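Dear colleague,

Please find below the structure that I am handing over to you.

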Amino acid sequence: MERTFAREVEMLRRGDGEYFEGEGILAITKALLQAGVSYVGGYQGAPVSHLMDVLTSDSKGLMAELGVHTEVCANEAAACAMLAASVNYPIRGAVTWKSTVGTNVASDALSNVASVGVMGGALIILGEDYGEGSSIIQERSHAFAMKSSVWLVDPRVNHPRIVELVEKSFELSEASNAPVMMEFRIRACHVTGRFATKDNRKGRFSMNNRIPEPEFSLDRIALPPATYLQEKMKIEKRFPAAIKFIRENGMNEVFPGENEDVGIICQGGLYNSVIRALQQLGLADPFGKSRIPILCLNVTYPLVPDEITEFCAGKRSVAVVEEGFPEYLEQAINAQLRKGNLNTRIVGKEVFPMAGEYQSEVMLNGLARFIEGAVPAGVDLGRVAKVTKFIADTKSLAAELLGAPIPKRPPGFCTGCPERPVFSAIKLVERDPEIGRMHISADIGCHTFSTLPPFNLGNTVTGYGLGLASSAGVKDALARHTISIMGDGGFWHNGLSTGITGAVFNKHDNLLIIMANGYSSATGQQYLPSSTAGGLRPPDTVVPIENALRGVGVKWIRKQYTYRVGKMQKLIKKALTTKEKGLKVIIAEAECQIAKQRREKPLVGKALKAGKRVIRERFGVDEDTCTGDHSCIRLSGCPSLSVKPNPDPLRKDPVASVLNTCVGCGLCGEVADAAVLCPSFFKAEVVQNANAWDRLLDRTRRRVIGFLQGPPEPAEPGAPSDAPVEDIRVAAE
Amino acid sequence: MSALPERPLSMVVGALGGEGGGVLSGWIVRAAELSRYPVQSTSIPGVAQRTGATTYYIEIYPATHEELGGRQPVMALYPAPGNMDLVVTSELMEAGRMLENGMVTTDRTTLVASTHRVYSVVEKSAMGDGLFRADRLNNGAQKLAKRAILFDMLLLAESRRSVLNAVLLGVIAGSGELPIAVETFAEAIRDSGVAVESNLRGFEAGLAYMRGEISAPEGPPEKTPRRAKPSAASLLADVAKTYPGDVQSLVSEGVKRLVDYQGPAYAQLYLERLAPVLAVDRERGGESRKWALTAETGRYLALMMSYEDIIRVADLKSRRSRFERIRKEVLAGDAEPVRMTEFLKPGFDEITSVMPPWLGRPVLKWAMGNAWARDFNFAMRVRSDTVWGFLRLWTLAKLRFYRPRTFRYATEQEAIGTWLAAIKDAAALHYGLAVEIAELANLRKGYSDTHRRGIANFTRILNEIAIPGAKGEADPAWAAEALKTARTAALADPEGDALDRAMASLASGPRATAAE
């Protein structure tokens, strides 16, 4: 990954009397160092990629000084397994990944570590990728905490408090011999803020101060009979210890308010939204002083029974603000009140939606409905109703004024993305009557965008690296072909073992296309074992994908540069029609355009400054030969291949147009050629800092051509003045 | 407490992934920090960053840390409808999205939006015109915002060789909606240390606009009328004499186009063909209908007569004006050589199109019946900037004189005849039907497969709906409706599934509606 995190790393060095300023995920990273971790591992994924990016890109050797071992793990299971170090030894460690998908992968290791218990503090930083901006299935991590008896911390979003709770979580883990999960929602990871830093702490044992003797104890092995004992330990020792620690250390917070007759219990991560909604309803001030008392659960598992009963005692009605389904907290609180013989009415999912993120409006309407139902003494219900009505009215007026709903804008492949051409090729292959529509087992990664317009390619997505494995059941059930897709990220994450070895072992006779763009791109261009990074990575550390394939017995392996659409089309057809038996693998190779541009743009800039000859390549469309049928766009969807109102006074339909964001990948031309589209595309190469020969040649050519073209015409009336801005005009009938 | 503001200022930035919305909010946060205000920003990157729509949310508490004396405001992480002071979007449709979500309210929201369009995939990939219309949106913005600042900021940015988000920052600073000094914003840009000079240029431009020192730059007109060849003069005079004002300019364009395409005689033919249509239009009281019949027939007749054969393509591609346009489009300096490669891939369609009918017809008939030949075509990569490459185009273009003797010419004129006849017949029965038939010609577009498909759909709809309607065999009013349905369906998907469905349901349904 060519990005530098020098500034961030500098931030991590700050100590007593200094301040940290930056995103939440970096604050957490800093907190880990202040807590004296000895090892950190993880697998990249939004919203926690940054944690690993920063630690592993640490060029200044801070980690070495502190003796912190950092590792970019092969997948989440590997990351979670790292916590084993804290099982036998008094060393603190943290691992991180995107949840719940990552937790699914990690759960084997998680169960084992949780069962045997830990000695040193073991912390799992979860990027709770839920709601708007999420890229995964919508589930709660809460269930994992419950089933494995690990504790779940859901901190209120405030930098100083988060840092404090990271420290406390390590102590909690040690006090109760259980791993602790801290979940951070997307916005919490990216929220900016500031806190007073403390000196980083060196772990008692670490790479710099090694443990003299290995420890052995049968009790720490997840095998019967120890497992029975471990289960009892959870219930008899760890649970009580955790509850005691949480209560004594005030990890949860009560914010008193004058309306003692009602209350709100919320997940820590939702506290800010609760306060904002109360403010809008005129029930809180900007500093969080609320008229209604609030119990903020920074630890959502386990609950502290006494805290619940004490808070609810003497209240008619209490709202439980809990995001996601099932409503574990609401159920647990209800049960606790029943045991405690309190008849406080718990209001939860009947005023808040069962599913989905609690964004501001959801929160506002939910709390409004709670208040209208609970009628707290002296609260002006009129104002509450007015606020919600005003918003509803505004929205309906807007809908009316706009006339039609605003078209969605789904994410898609970047400009010049090397994966796009592969799907253009697949579309063309499907046009071949001999092949027809295929069942495509898609996978997780940038290439999942193929399932969206304009390609709409991909019938199933079942998980990271599972593209091939997911074709096993369907491949023989369909009359037509089944093909699978896998990214190089998914390949190394588990696709090689789960998919390919399985397919070879079971003698699959299908096609797998591996998108080898050289990085784990969707998560921020992290390196993979097969990454060459344009030669930046030492070749002896690179493991080529084809070697791995041969190693597990794949015979039919072809590599193809993705941008050659015609060749790719032929190759795919060949793979589908060959008599040769067994798994066919096409490695579709070309570097991630973002990484490539990031590396090469500065170099080109330098070369230009230095007066070196540089050729800038881009594509274009002749607006007067384009008839506006947009076939080219349907086969590409490149952001820089757009449309503009037709300048021809007689034509109505918009013409295709290439924007100046074009990076000259050449796909337009390739598609126009392979699909026999239309003659409107042209490639233009601008020779910058042309040498004498270029200039001479150019002058001669222009003179001859100019002569043949005849005398220049006077400028057309009302013709474009200057600058190629037509392609961004507002379309108006 | 009472002295302190009762709530933070809330602002949201709506942008497209990779558009620099993050940088913009970074500047604003920095400016607030420099002003000693508590500030918080958050965002939802992830997949949205890949060209999708995304938002950045910022809260500023307008009292300095000193004034607060250690008190910490609680700041939210989500933009809230009815709670926004400043809504900024880098593109027009995203502004619409903000309105739709109730983020813009009359009591307190200032809307700052650039009015340029970045078209979404759905809009772009429509086979016809799928563009989202902006007019309603401007109106909505004006009605819903306390204050709306809308103009093409991208155009301004480009005219200053700067970037959009810098101009946006200038506009925000100039709007005075945030309690931050203009100079402090500039300082934030300098602090970032990235492309400071060009960013400041954009910032100043946005500022200047807000101070009324400059007005929003004018984009080029959407439509660029063709320049008349001298030989078109007399014909254009005729048009001016005979045609009503509303359609004059359109018919003139048709004339200019055809003189340019083939020559005055051909343009003459155009007017002769259009004259009877104008006559019927007069009889049928076209005036009250803005002469829709003449206009649409005139439009598509001109387009059909100037069909794109290889001669035409070579002609357009070899013109001086085109070479100049491309140099501009690719931002090439005068001294910089520009190499141009054309991607041509003629097949039997194109080859036979320039054969004489007696040869072309049988050859094409054979080719279409032969699997190999149907898909046969040879890739020509022509370097039109080289003398030899240019000569190939130029010579081809010079074949124009021979065009009227080609097979393609014959077939096109044949189609035009049938189509015109249908329009004239229909006009006598049902004005709307006639106009619909005229519009049907919009299906005849594209090249190779797309073109073949277009022609097939055109012919099919013409024979199965238009002509029966025009001859009165089917209820004309029904036919008019049916035509519209079929035409839209034909443009719905390239595979033609939608058209098949539409035709099927039309065939099964009742063939009559309330008469005109």
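A residue is called buried here if 20 or more other C-beta atoms lie within 10 Å of its own C-beta atom. Please bear in mind that this is a predicted model. By that criterion, 53% of the 516 residues of chain B count as buried. In chain A, buried residues make up 54% of the 733 residues.

The two chains

Chain A contains 24 helices and 24 strands. Its C-alpha trace spans about 95 × 70 × 60 Å along the principal axes. The radius of gyration of chain A is 30 Å, which agrees with the value near 27 Å that a compact globule of 733 residues would have. Of the contacts in chain A with a separation of 6 or more, 78% are accounted for by residues 24 or more positions apart.

Chain B has 24 helices and eight strands. Along the principal axes, its C-alpha atoms fill a box of roughly 95 × 65 × 50 Å. Residues 24 or more positions apart account for 70% of the contacts in chain B with a separation of 6 or more.

The interface and the sheet that crosses it

Where the chains meet, 122 residues of chain B are in contact with 116 residues of chain A. The side of chain B that touches chain A is made up of 54 nonpolar, 33 polar and 35 charged residues.

Both chains contribute strands to one open sheet of four strands, in the order S21(A)-S24(A)-S7(B)-S8(B), with antiparallel pairing. Strand S21 (614–621) of chain A and strand S8 (380–383) of chain B stand at the edges; each has a single partner strand, so one side of each is left without a neighbour in the sheet. From one strand to the next, the twist averages 20 degrees.

The link between the chains within this sheet is the pairing of strand S24 (residues 681–688) of chain A with strand S7 (residues 338–344) of chain B; the two run antiparallel and are joined by five bridges. Val686(A) has Val338(B) as its bridge partner in S7(B), and Lys683(A) stands opposite Thr341(B) in S7(B). Helix H15 (residues 320–329) of chain B packs on the sheet, where it touches S21 and S24 of chain A as well as S7 of chain B. The direction of H15 makes about 110 degrees with that of S7(B).

A five-stranded sheet in chain A

A further open sheet has five strands of chain A in the order S9-S11-S10-S13-S14, and its pairing is mixed. Its edge strands are S9 (253–255) and S14 (345–347) of chain A, each of which pairs on one side only. Neighbouring strands of this sheet are turned against each other by 20 degrees on average, direction ignored.

S9(A) runs antiparallel to strand S11 (residues 294–297) of chain A, and three bridges join them. In this pair, Phe255(A) stands opposite Ile294(A) in S11(A). Two helices of chain A lie across strands of the sheet. Helix H12 (residues 271–280) of chain A lies across S10 (262–267), S11 and S13 (317–321) of chain A, at about 140 degrees to S10(A). Helix H13 (residues 305–312) of chain A lies across S9, S10, S11 and S13 of chain A, at about 150 degrees to S10(A).

In soluble globular proteins, nonpolar side chains tend to be buried together. In this model the largest nonpolar core has 298 residues, and those with the most contacts inside it are Trp151(A), Val274(A) and Ile514(A). Helix H7 (residues 164–175) of chain B supplies the largest share of this core, eight residues. Apart from this core lies another, of 61 residues, among them Val247(B), Val277(B), Leu301(B) and Ala470(B).

Beyond its neighbours within four places in sequence, Val274(A) is in contact with Ile264(A), Cys266(A), Ile294(A), Val321(A) and Met363(A).

A closer look at Ser169(A)

The C-alpha atoms of Ser169(A) and Arg13(A), which are 156 residues apart along the chain, are separated by 22 Å.

With kind regards

Note on methods. Residues numbered from 1 in each chain as written. Chains lettered and ligands numbered in written order. Predicted model: local features only at pLDDT ≥ 70, side-chain atom pairs only at ≥ 80, totals over all residues. Contact = placed C-beta atoms within 7 Å. Nonpolar A, V, L, I, M, F, W, Y, C, P; charged D, E, K, R; others polar. Pairing = 2+ DSSP bridges. Rg over C-alpha atoms; globule rule 2.2 N^0.38 Å. Buried ≥ 20, exposed ≤ 12 C-beta atoms within 10 Å, placed from the backbone. Core = buried A, V, L, I, M, F, W, Y, C linked by C-beta atoms within 7 Å. Axes fitted to C-alpha atoms, helices over the stretch in contact; angles between N-to-C directions.
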